Protein chains: 2
Amino acid sequence: MKNVAIAGVGQTKFGEHWDQSIRQLAGEAVKHAVADANLESARVQALYVGNMSAGLLAEQEHVAALVADAVGLAPIPSTRCEAACASGATALRQAYLAVASGAYDVVAALGVEKMTDLRTQDVNAALMAAGDHEWESSIGLTFAGIYALMARAHMHRFGTTREQLAMVSVINHEHAVGNPYAQFPFTTTIQDVLSSPLVADPLHVLDCSPITDGAACAVIVSERIARQLPTPVWLLASEQASDTVALHDRASLVEMAATKAVGSAVFEKTHLKHDAIDLLEVHDCFSINEIFALEDLGFCQKGGGGMFVEAGEVRRTGTIPTNTMGGLKAIGHPVGATGIRQVVDITKQLRGTSHNQLKNPHYGLALNVGGSGATAVATLLGLDQL
Amino acid sequence: MKNVAIAGVGQTKFGEHWDQSIRQLAGEAVKHAVADANLESARVQALYVGNMSAGLLAEQEHVAALVADAVGLAPIPSTRCEAACASGATALRQAYLAVASGAYDVVAALGVEKMTDLRTQDVNAALMAAGDHEWESSIGLTFAGIYALMARAHMHRFGTTREQLAMVSVINHEHAVGNPYAQFPFTTTIQDVLSSPLVADPLHVLDCSPITDGAACAVIVSERIARQLPTPVWLLASEQASDTVALHDRASLVEMAATKAVGSAVFEKTHLKHDAIDLLEVHDCFSINEIFALEDLGFCQKGGGGMFVEAGEVRRTGTIPTNTMGGLKAIGHPVGATGIRQVVDITKQLRGTSHNQLKNPHYGLALNVGGSGATAVATLLGLDQL
């Protein structure tokens, strides 16, 4: 496999874009990423589009061709990749493999989702299509309900507290302050979280990532192109794993096997140790899932995630700065775009151009999760090749 | 890029499978393909799933993880690829690129669609999501309507006759006789086609491919594995292109630019001439589209497709046997599965194991089209490397 780097990144503001369609959101993100790469858009040879559910959310399938045309990239190959909320990272991964194969030198990976045009209950029904229709959605389970089951199991088994869960949201909101792309760039408190409406016990509204419109794009290039860049960010590993879609089929309610698999694979293949990682982007679709991520990627011990967060280890000032721009909770979660947005934020941090810049980070790891963990994708970025 | 071959193929019967879900259809196709490759399923390292619209048709997104689990392949990476009716070929293409990159030695490409659980009007609405929602579906256009516009333009411009269009269906049905996987393995006549109900003038019911459930799978392997096979079928080229989704944005109503692009790319890259190709699989979703395919791939001149078909050149006994097992019209068109099914049928022909075997074919070309031509994928298979 050939070496691969990220040459440019861009995104729209995440939020409610009632005046913009998929075309326009996608167009803006691609434009910014291509300009950031300092390439002519005519250099882009293929496009991968992460999108979970434009069919249910916008009566529009075939979004990859639609977007290629809208951004002026047709007739290049354009393919939609879908793995629920991990769609973005799977699109990035296909772009990575396409460049690593030698087929292309410049490929764009886009994530886009337009979610706010429907009523909330219809959006929830569309999102629940990421669960198992035969066993979960058809009996009325929601994703808040699924994650509530896992949160309750984690609290029961390890003594994780309601306040520790709330702390995940509090810290993510703290990190979003100053992020011009965030849907909710303001602080909140443990008391705010606990007094927000209950969605599915023990999860409250402020444990849940919001419904969001948005797009993010990364331009992936071969080593030949990357060598001409001032600060190439190397795409050092992209690992993906699957698990059962239905929660009841899993051996455990308190860990995600797919996350463990991709985390182990990244560290084994790159021979890096955990303490080499300077920042994390994890999939805090619900507060409990940040705790799962920290544990299952091995940044703290199993069951210790709540205390780890409570101790502030995930703060920008902590031992492993996590979701340094606000995470899904505060930046927003346009489902197909999130996996790319994570990579956009790590890229900016590694280049030293983040709005909330860490001091000299060298390696960053992103974890994008689909459904309740049936898909996990880990992406490792770094300032030099291994 | 590394050399890539097809090691095994399999499919379900195409038809109305009211007693089988996506899981079961997918499971059967994967099982047959893995057995055909003479590999243990544990050897499969990644899965790509072509599926157009399980969200709208079955309230199920995240089908790639669902299928990986259902067929016992979890925790391998499993990614859905979508490009409307070309979803199958895009999944095959990602499998090809993943093996060509060196990341994997054995990857399965599956296509699956479950369409018969809804009312016909709801299926048509779901299929129309492959059109442009803002410009086409929202004003009531259907795919039969879109192809009718193109057929009418072709008739007007080149004198193509209603009988020539009907002949496409007649020959495809002729080829389906003896195909145990076909939904409609019986003959029809020009008179049958012309007297079948009018759907969208000039297209009648028997110009249209049916609504179908089904799955098809191909196991893609590296050269190292292929060399151990009795008859490896080499995946010599996989080219993809995009065009505008909306018909009104095109420069011409009588040709498909994406098909022309992928056809040219295959012949340029492989240095093969048209007369080297022994059989074609083309995307006869509507009769007119087989005529577009023959012209735009260059097997006859522009405007001459109707006469080419009328002269019987596409018969199994003709100069370029096309859709030798019945095409989308007679085998059926489970939209996400068709692109893989085409490759299944070419693979069997090249191996000499088809139910309707040609005499010693060496190279076969498949064309899978999404929507009204916004995506085209051409796949070239052959018995030796170029």
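**Entry 1: helix H5 of chain A**

I began with helix H5 of chain A, residues 120-128, and looked for its buried residues. I noted A:Ala126, A:Leu127 and A:Met128 as buried. The model is a predicted one, and I read it as such. Next I asked what covers the buried residues of H5(A). The cover includes helix H2 (54-58) and helix H6 (143-158) of chain A.

**Entry 2: where the two chains touch**

I turned to the contact between chain A and chain B. How many residues does each chain give? Chain A gives 54 residues, and chain B gives 54 residues. I then listed the elements of chain A that give two or more residues to the side touching chain B. They are H2, helix H3 (63-70), strand E3 (78-82), helix H4 (87-100), strand E8 (233-242) and helix H10 (257-270). I also sorted the residues on this side of chain A by class. They divide into 27 nonpolar, 19 polar and 8 charged.

**Entry 3**

I followed E3(A) over to chain B. There it is joined by 3 bridges to strand E3 of chain B, residues 78-82. The two strands run antiparallel. Which residue of E3(B) is the bridge partner of A:Arg80? I found B:Glu82. I also found A:Cys81 opposite B:Cys81 of E3(B).

**Entry 4: strand E3 within chain B**

I stayed with E3(B) and checked its burial. Of its 5 residues, 5 are buried, and the strand is mostly covered. I looked at each face in turn. On one side I noted B:Ser78, B:Arg80 and B:Glu82, and on the other B:Thr79 and B:Cys81. All of these are buried, and both faces of E3(B) are covered.

E3(B) also pairs inside its own chain, with strand E2 of chain B, residues 46-50. Parallel or antiparallel? I read this pairing as parallel, over 4 bridges. In it, B:Tyr48 stands opposite B:Thr79 of E3(B).

**Entry 5: strand E11 of chain A**

I went back to chain A for strand E11, residues 375-382. I counted 8 of its 8 residues as buried, so the rest of the structure largely encloses the strand. A:Thr375, A:Val377, A:Thr379 and A:Leu381 point one way from E11(A). A:Ala376, A:Ala378, A:Leu380 and A:Gly382 point the other way, and all are buried.

Then I looked for the strands that pair with E11(A). E8(A) is joined to E11(A) by 8 bridges, and the pair runs antiparallel. Here the partner of A:Ser242 in E11(A) is A:Thr375. Strand E10 of chain A, residues 363-370, is joined to E11(A) by 8 bridges and runs antiparallel to it. A:Tyr363 stands opposite A:Gly382 of E11(A).

The hairpin of E10(A) and E11(A) has 4 residues between its strands. Within this hairpin, A:Gly371 takes a positive phi near 60 degrees.

**Entry 6: H10 and H11 of chain A**

I moved on to helix packing. The axes of H10(A) and helix H11 of chain A, residues 287-296, come within 9 Å. They cross at roughly 40 degrees. That angle makes H10(A) oblique to H11(A). The crossing is right-handed. H10(A) makes the contact with A:Thr259, A:Lys260 and A:Gly263, and H11(A) with A:Phe292, A:Ala293 and A:Asp296. I sorted this contact into 2 nonpolar, 2 polar and 2 charged residues.

**Entry 7: H6 and H11 of chain B**

Left-handed or right-handed? I noted their crossing as left-handed. From H6(B) the contact has B:Tyr147, B:Met150, B:Ala151 and B:His154, and from H11(B) it has B:Ile288, B:Asn289 and B:Ile291. By class I found 5 nonpolar, 2 polar and no charged residues.

**Entry 8: H1 and H3 of chain B**

My last stop was helix H1 of chain B, residues 22-36, with helix H3 of chain B, residues 63-70. They pack at an angle of about 60 degrees, their axes 9 Å apart. The two helices are therefore oblique to each other. H1(B) passes H3(B) in a right-handed crossing. On H1(B) I listed B:Ile22, B:Arg23, B:Ala26 and B:Gly27, and on H3(B) B:Val63, B:Leu66, B:Val67 and B:Ala70. The residues of this contact divide into 6 nonpolar, 1 polar and 1 charged.

Methods:
Residues numbered from 1 in each chain as written. Chains lettered and ligands numbered in written order. Predicted model: local features only at pLDDT ≥ 70, side-chain atom pairs only at ≥ 80, totals over all residues. Left-handed = near helix turned anticlockwise from the far one by under 90°. Contact = placed C-beta atoms within 7 Å. Nonpolar A, V, L, I, M, F, W, Y, C, P; charged D, E, K, R; others polar. Buried ≥ 20, exposed ≤ 12 C-beta atoms within 10 Å, placed from the backbone. Pairing = 2+ DSSP bridges. Axes fitted to C-alpha atoms, helices over the stretch in contact; angles between N-to-C directions. Parallel < 35°, antiparallel > 145°, perpendicular 65-115°, else oblique.
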